[in-house]
Amino acid sequence: MFRNQYDTDVTTWSPAGRLFQVEYAMEAVKQGAAAVGLRSTSHVVLATVNKAASDLSSHQRKVFKIDDHIGVAIAGLTADGRVLSRYLRNECINHSFVYESPLPVSRLVVRLADKAQVCTQRSWKRPFGVGLLVAGLDETGAHLYYNCPSGNYFEYQAFAIGSRSQAAKTFMERRFEAFNGYSRDELIKDALFAIKETLQGEKLTSSICTVAVVGIDEPFHMLDQKIIQEVIDSIEIKEDDAAAATAAADQAPMQEEDKSSEAAPMDI
Amino acid sequence: MALRRDWVYENNGGTCVAIAGSDYCVIAADTRLSVGYSIYTRDYSKICKLADKCVMASSGFQGDLKALQKNLAARHLIYQHQHNKQMSCPAMAQLLSNTLYYKRFFPYYTFNILGGLDSDGKGCVFTYDAVGSYERVGYSAQGTGAGLIIPVLDNQLKSPSPLLLPAKDAVTPLLESEAVDLVKDVFASATERDIYTGDKVEIVVINASGIRQELMELRKD
């Protein structure tokens, strides 16, 4: 990605039919700390890596409860994420007030996507610099969506965004077919495994990650640090046992960015 | 005399009572919904839980009450998102007052009582008029049977009269069980003479261990 004469404002097309400002906004998402989401038929789990600006400061909040049945994890400009969370909460409250029922997840992501699209077509605005993983439950079941700054949204069985997310995606690509049958605890374990992949060597502790769950009969909430640490400990024990057995573990090529798919990513 | 055809309110009758104790609060309301000389239903709850330690009971026009409850519940959700905690009873009291005054020139036709525990765990009761004027008191009654109940409470609660100045904290020294018994007695008495009060009384008690609810039968005539 290099600078060119078509990237000054978002209302200028390039000759190749690209909006560079929007793509640069998606770059901002890739720079943020990792966030992963996994879905089964009854539960959705979100997990994020909490980067602190320094040892003296607190961690940034990357997971937000939107309503009892919906939560989001963000990557990118957290300030933009906070503002969008406020918008999403408002939408849910207004819908509940008028219709006395929870806002279906698919409708919420459409509204969010439309809001993002507006910022790609106004000369006095800039695209949001944040990607959101929207996890929710409604009458049609469990859902996980990814909303990007371009205004596009996709539904996923599992997805990862942010820096080094390709490692987590590769990990989940091998296992996602089984996710629908996973229990709640297996889903949480795999989410932490995926986060571990993005750390690439750094030690996984409950203090640097946040895990949140939503499920049938389980309103969206963040898991206690103690519980997360217990799951992490059980992962480490299993890994120590498995390390001896699989000495030549298959190392899937870890790519920081999938360069081949960067040509016009909005065509996805 | 011109015929007025824009009267948009209705009085659904009923009575509410609340009593504050040193570590509890009792809120009660009958469950009869009437219009004119008819009864619409014998089983309508006028009590709404707004927050963990805050409950509202209102008599008057139940259509406006439903709208008011929904409004406050939505506002409470916003508060929880912003502050990461539940609203305290005094905070909810101010919110209710502002919400009512917002419609000063097309009021909510509701006569409200707010009851709960304040941040120190002491019982608190707030009583309102239709446009938001409110006051913290030790006990209150609103609705069609209020006139029959308040004098009895003045006499039986053994708390300093709220009518004396300087304003003294009128929380009753009675035990929780005594207060609940008194509430049952005053409702039974009001039911005798007030046609709009009767069927059942819903009694909600808030204390440190949470909220519990009980129903007592009243005369059905």
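A salt bridge is taken here as a side-chain nitrogen of Lys or Arg within 4 Å of a carboxyl oxygen of Asp or Glu. In this predicted model, the rule finds one salt bridge across the interface of chain A and chain B. The pair consists of E100(A) and K70(B), whose closest N and O atoms are 3.0 Å apart. Residue pairs in polar contact between chain A and chain B number two, both at pLDDT 80 or more.

On the side of chain A that touches chain B, strand 3 (63-67) and helix 2 (78-99) of chain A each give two or more residues. Helix 2 of chain A provides the largest share, four residues. By type, the residues on this side comprise three nonpolar, one polar and three charged. Seven residues from chain A and six residues from chain B take part in the contact. The two chains bury about 690 Å² between them, with 65% of it on carbon and sulfur atoms. Of the area that chain A buries against chain B, 67% is supplied by R89(A), I93(A) and F97(A), more than by any other three residues.

The largest nonpolar core has 31 residues, and V36(A), L38(A), M172(A), L192(A) and V211(A) have the most contacts inside it. Elements of chain A that give two or more residues to this core include strand 1 (35-39), strand 2 (43-49), helix 4 (165-175) and strand 9 (209-215). Helix 5 of chain A gives the most, with eight residues. Beyond its neighbours within four places in sequence, M172(A) is in contact with residues including V36(A), L38(A), F159(A), F179(A) and A194(A). Another core, of 23 residues, lies apart from this one and includes Y24(B), Y139(B), L157(B) and I203(B).

Key
Residues are numbered from 1 along each chain as its sequence is written. Chains are lettered from A and ligands numbered from 1 in the order in which they are written. This is a predicted model: local features need pLDDT of at least 70, side-chain atom pairs count only at pLDDT 80 or more; totals for chains, interfaces and linings use all residues. Side-chain values use heavy atoms; hydrogens and water are left out. A nonpolar core is a set of buried Ala, Val, Leu, Ile, Met, Phe, Trp, Tyr and Cys residues joined through side-chain atoms within 4.5 Å. Buried means under 20% relative accessible area, exposed over 50%, partly exposed in between (1.4 Å probe, protein chains only). Contact means heavy atoms within 4.5 Å. Buried area is the accessible area (1.4 Å probe) that two parts lose on being put together, summed over both. A polar contact is a pair of N or O atoms within 3.5 Å; within protein, one must be able to donate a hydrogen and the other to accept it, and residues adjacent in sequence count only if both atoms are side-chain atoms. Ala, Val, Leu, Ile, Met, Phe, Trp, Tyr, Cys and Pro count as nonpolar, Asp, Glu, Lys and Arg as charged, and the others, Gly among them, as polar.
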